[in-house]
Amino acid sequence: MELFYYLLFGGLSAVVALLELSKTSKDRISTSTAFNSFKNNYLVVYSLMMAGDWLQGPYVYFLYSQYGFDKGDIGRLFIAGFGSSMLFGTIVGSLADKQGRRRACVTYCITYILSCITKHSPQYKVLMLGRILGGIATSLLFSAFESWLVAEHNKRSFEPQWLSLTFSKAIFLGNGLVAIVSGLFANILADNLGFGPVAPFDAAACFLAIGMAIILSSWSENYGDSSDNRNLFSQFKGAAVAIASDEKIALLGAIQSLFEGSMYTFVFLWTPALSPNEEDIPHGFIFATFMLSSMLGSSIASRLLARSAPKVESYMQIVFGISALTLLLPIITNFLVPSTGVKSGSISVAGCIQLFGFCTFEACVGIFWPSIMKMRSQYIPEEARSTIMNFFRIPLNIFVCVVLYNVNAFPITIMFGMCSIFLFMASVLQRRLMVVAESHKSKPQDWSALKERDNETEPLNI
């Protein structure tokens with residue numbers, strides 16, 4: 001069965017290379033020298049930020065177990081991270097609109113570096129503090145950088161279509177190539193060189209520091225709604241009014257939460273799905289294969305986004321439908337090829353079928369990221385971009401915390417079935433978003449009008 005892994009990885013590599021090398025003029029966007037310089041600067045910073053994140057992933061659970069904590073203790077640490085992202089991350093991330101997106105990006109670097117430092121301590125309270133800091137940093141990573149990019153892109157008067165090029169390249173590099181290299185580099189540091197499981201976290205801190213230096217030296221500041229009379233509560237209220245008054249924004253938030261919730265649940269489920277009887281599977285190699293599949297998806301997305309048709313609202317319906325079908329595979333294979341309950345040396349035939357389906361799901365993830373970024377840039381008002389994006393993450397983090405808390409309460413097939421239903425729901429909502437967008441060909445609702453409406457509903461203070 002080992003040959004199967006190499007054939008799958010090699011086949012995916014060949015397809016990705018073929019897609020990248022065979023791009024025609026229709027698949028490429030003509031840009032200016034100034035934009036290319038701006039794009040490359042952002043891609044370097046974003047890749048460094050993602051390297052700081054990906055380096056930590058393979059050894060978080062292992063490090064905690066090496067410190068002597070059991071599964072329940074480790075589960076609570078992970079729940080604390082997602083809970084922190086939901087609570088504190090939402091507040092800190094939303095401050096980016098008022099205090100500055102560049103400043104928020106620097107805050108991400110500092111917060112994540114401090115989180116990495118806590119990994120040197122075997123004390124549970126210190127590690128819990130590190131998870132809380134990591135949760136805050138995660139919210140900033142997935143809101144502040146994108147908000148800064150969109151605002152700076154528009155401020156420099158670049159073509160709107162060029163933004164999708166930056167998005168697709170960022171995902172191709174940051175969520176694909178950088179993830180693969182980071183996983184291999186972490187393995188070399190921790191195992192081959194014998195520095196131990198804390199070494200990848202030190203390397204992550206170094207990459208984050210380098211990225212922070214580039215931000216401080218080359219990025220300018222930009223803001224959302226920086227008016228002095230807007231406190232944090234008013235900012236939250238205004239964002240809630242924007243979501244409630246614009247169906248497109250509400251649909252986009254629901255779609256994002258449904259897909260990302262399923263995606264994060266998949267992260268916890270794929271290992272037991274592929275080795276139900278504790279078969280020996282190469283976790284690191286499979287992870288690299290997943291990331292290569294994500295690169296394939298982002299390469300496909302770059303071709304789709306470079307063309308005027310099909311629209312992103314149209315093809316994402318198909319993507320969500322395919323992703324829903326792939327997560328049904330564990331249920332189908334369990335029905336057709338029941339588990340024997342006997343441990344075997346390598347992955348089973350049913351596991352091979354599921355692995356192929358999981359790679360297809362990861363390709364859908366690679367298409368999802370640049371596509372959802374494109375839609376967010378179209379529909380979310382600039383003045384509250386970071387605030388609304390962090391609002392979107394609240395139901396996501398609640399969902400993941402509930403799943404983590406009850407991960408052993410339900411059979412794995414039930415969990416996959418639930419994710420599949422959520423993805424089908426995302427496809428239906430995406431269809432609705434396309435219909436609404438076509439019937440409202442105007443720009444996102446004016447933020448000043450929303451603020452006036454907000455002020456009109458304020459109670460009189462007598």
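Predicted model: local features only at pLDDT ≥ 70, side-chain atom pairs only at ≥ 80, totals over all residues.
On a 1 Å grid over the protein atoms alone, a cavity is a set of points where a 1.4 Å probe fits but cannot get out, and its lining residues have an atom within 4 Å of a point. Residues are numbered from 1 along each chain as its sequence is written, and side-chain values use heavy atoms, with hydrogens and water left out.

A search of the whole structure returned 2 cavities of 30 Å³ or more, a volume being the space filled by probe spheres set on grid points that are joined across faces, edges and corners. The largest cavity holds about 140 Å³ of space. Its lining comprises 16 residues, and those nearest the centre are Leu141, Phe142, Glu146, Met373 and Arg376. Two or more lining residues come from each of helix 2 (33-54), helix 7 (144-155), helix 8, helix 11 (247-274) and helix 15 (349-379); helices are DSSP runs of H or I with at least four residues, numbered from the N terminus. By class, this lining has 10 nonpolar, 2 polar and 4 charged residues (nonpolar: Ala, Val, Leu, Ile, Met, Phe, Trp, Tyr, Cys and Pro; charged: Asp, Glu, Lys and Arg; polar: the others, Gly among them).

The second largest cavity has a volume of about 30 Å³. It is lined by Glu20, Lys23, Ser168, Lys169, Phe172, Ser298, Ser299 and Ser302, with at least two residues supplied by each of helix 8 and helix 12 (283-305). The lining of this second cavity consists of 1 nonpolar, 4 polar and 3 charged residues.

Gly194, which follows helix 8, has a positive phi near 75 degrees.

With a disulfide defined as a pair of cysteine sulfur atoms within 2.5 Å, the count is 0. The sulfur of Cys105 lies 7.4 Å from the closest cysteine sulfur, in Cys109, which is too far for a bond. Cys116 is likewise in no disulfide, the nearest cysteine sulfur, in Cys206, being 9.4 Å away. Cys105 is buried at 0% relative accessibility, and Cys116 is buried at 1% (buried: under 20% relative accessible area, with a 1.4 Å probe and protein chains only).

Key. 1 Å grid on protein atoms, 1.4 Å probe; cavity = no way out; pocket = protein on both sides within 12 Å on 5 of 7 lines; lining within 4 Å. Buried < 20%, exposed > 50% of the residue type's maximum accessible area, 1.4 Å probe, protein only.
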